[in-house]
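User: Hi! Could you walk me through this model, starting with a strand and then the pockets?
Analyst: Happy to, here it is.

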Amino acid sequence: MSENIFEQYLSDKSVFIDREILSAAYLPNKLLHRVEHVQHIASIIAPALKGHRPSNLLFLGQTGTGKTVAARYVGQQLTDLLGKSSSGKVEFIYVNCQTIDTHYGILYELSRHFFTQEEAAQGVAPPPTGWSLDRLYQTLLERMRASGKVVIVVLDEIDKFVAKSGDDALYTLVKMNEGDGAGSGPIHAAANLGQTSVGTIASGSGAQESKVAAESAPVEKAKAQPTARISIIGISNDLKFGEMLDPRVKSRLSDEKLVFSQYEAHELYDILAQRSPLAFQPGAMPDSVLRLCAAMEAHERGDARRAIDLLRVAGEVADREREKQVSEGHLQKARKRIELDCVAEAVRTLPTQSKLVLLGVILNEEVGNERLTTGEVYNTYRELCRKIGMMVLTQRRIGDLISELDMLGILNARVRSYGRGGRTKDISSGVPMGESKRLLLADELLQPLKDFKARRQSTLD
DNA sequence: CCTCCACCGGAACGTGAGGAGT
DNA sequence: ACTCCTCACGTTCCGGTGGAGG
């Protein structure tokens with residue numbers, strides 16, 4: 001065996017030319033079916049070119065409806081243009097709040113655009129950790145002012161940020177450009193609402209630019225210092241985001257709201273057809289497969305990202321089967337695989353207690369116990385806990401865990417009444433048994449349960 | 001129509017971890 | 001180092017309930 005085991009893969013022909021085209025990072029040079037959105041956004045942001053602060057924006061819409069790509073696209077266009085005219089008076093910053101979700105983290109991220117590497121080396125620039133929030137905030141604010149730039153910050157998945165750090169944190173961001181003629185009205189009301197942490201920061205900054213937050217003597221114009229001009233574009237796939245926000249944040253953030261709706265089948269098709277020739281070898285991706293892919297996804301959620309993923313995975317399946325062309329069969333297999341991956345991921349990342357509950361259900365079904373009730377699942381769960389020395393939670397709590405698993409689609413549980421038999425949940429597993437059991441037992445803690453058998457319920461006779 | 005089972009699910013409370021300010 | 005606050009996760013308590021069987 002002198003052949004290298006990887007050689008075959010090297011020499012293998014792939015259906016792909018460039019797989020990256022089908023990744024989330026790829027930004028097409030023309031955005032299909034979002035032309036109006038993009039133009040609207042451009043018209044709102046345009047004042048930045050003249051040094052004015054644009055309104056804040058909120059993009060709402062479910063996943064894969066083009067929110068992020070639209071924002072990035074506009075940012076790209078903007079920086080392209082400024083690159084040519086070399087005026088560089090606008091700073092466009094994209095932050096994904098899924099990875100950066102703390103108050104400090106975001107301010108630090110912004111600061112990185114305003115300090116050079118030398119400054120960071122000299123210790124002048126804010127470090128990734130270590131400073132107090134207040135100091136970081138002040139330093140950044142000063143630098144922003146001095147730069148004279150209009151700063152446009154995209155906060156993708158802004159709901160994650162708010163969930164983690166609270167709307168206070170968001171408030172301080174939105175408030176960075178206070179003193180900017182427009183929208184300086186409601187500060188005083190806000191100051192009253194202000195909670196401790198924001199209170200200190202906000203009033204600190206306010207005092208410095210003599211735009212006092214304390215309700216005494218509001219000085220109307222503080223012209224002496226240049227003000228920071230920040231505009232925030234928030235992106236959320238929670239359509240109700242904003243409603244739950246503190247009113248003072250809400251009123252400032254959602255100057256303009258833009259809703260992205262789901263793509264329809266023909267739109268998805270166009271999007272796929274735009275990328276396909278760049279991503280696949282000529283002839284490797286038949287039109288019929290594109291149409292089917294678009295139709296399948298449109299039927300589910302109209303999520304362009306998923307449709308593109310699906311196409312990529314289908315290509316990978318075809319590659320593995322050494323086919324030169326992607327077929328509808330590959331597409332079906334790809335869909336199954338993606339689905340399975342989702343479930344597997346969900347099961348694997350469950351907390352141990354939930355895993356035990358799920359395992360309890362599966363073990364019961366294995367020995368043929370149908371019609372599981374909360375009580376029965378609880379009994380099995382308790383035995384499992386004892387076996388591995390886990391703390392046994394109360395039935396009340398387990399009831400909640402079962403409901404959570406139901407919401408995740410991992411279990412099916414619905415409340416049912418059996419008359420004198422009582423009112424309880426009717427529980428069954430919603431995932432393939434064998435596969436899930438294997439995943440659960442892969443957890444070290446659950447290893448000792450390998451050979452555990454649930455007791456047969458002595459139900460009806 | 002009334003009972004009564006085996007839970008459901010809301011509310012209030014306890015606890016420990018972790019972040020932020022002093 | 002210390003205090004204060006918030007949050008996630010659980011517990012205890014308890015009124016509520018759909019519907020088969022009397």
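Analyst: Leucine 57 stands opposite glutamate 256 in strand 5. This is a predicted model, where local features need pLDDT of at least 70, side-chain atom pairs count only at pLDDT 80 or more, and totals for chains, interfaces and linings use all residues. Residues are numbered from 1 along each chain as written, chains are lettered from A and ligands numbered from 1 in written order, and side-chain values use heavy atoms, without hydrogens and water.

User: In what sense do strand 1 and strand 5 pair?
Analyst: Parallel, over 5 bridges, with strand 5 covering residues 256-260. Strands pair if DSSP finds at least two bridges between them; strands (E, at least two residues) and helices (H or I, at least four) are DSSP runs numbered from the N terminus.

User: And how many bridges join strand 1 and strand 4?
Analyst: 4 bridges, also in the parallel sense, and strand 4 is residues 229-236. There, phenylalanine 59 stands opposite isoleucine 235.

User: Is strand 1 buried or exposed?
Analyst: 5 of the 5 residues of strand 1 (residues 57-61) are buried, so it is largely enclosed by the rest of the structure. Buried means under 20% relative accessible area, with exposed over 50% and partly exposed in between (1.4 Å probe, protein chains only).

User: Which residues point which way from strand 1?
Analyst: Leu57, Phe59 and Gly61 point one way, Leu58 and Leu60 the other, and all are buried. In a regular strand, side chains alternate between the two faces of the sheet.

User: Switching topic: what volume has the largest pocket?
Analyst: About 620 Å³. A pocket is an open set of points on a 1 Å grid over the protein atoms alone, where a 1.4 Å probe fits, with protein on both sides within 12 Å along at least five of seven lines; lining residues have an atom within 4 Å of a point. Grid points are joined across faces, edges and corners, and the volume is the space filled by probe spheres set on them.

User: Which residues lie nearest its centre?
Analyst: Of the 34 residues lining the largest pocket, Ala24, Gly64, Thr68, Val69 and Arg305 lie nearest its centre. Helix 13 gives the most to that lining, with 5 residues.

User: What about the second largest pocket?
Analyst: Its volume is about 300 Å³. Among the 16 residues that line the second largest pocket, Arg306, Arg335, Ile338, Glu339 and Cys342 are the closest to its centre. Helix 14 provides the largest share of this lining, 7 residues.
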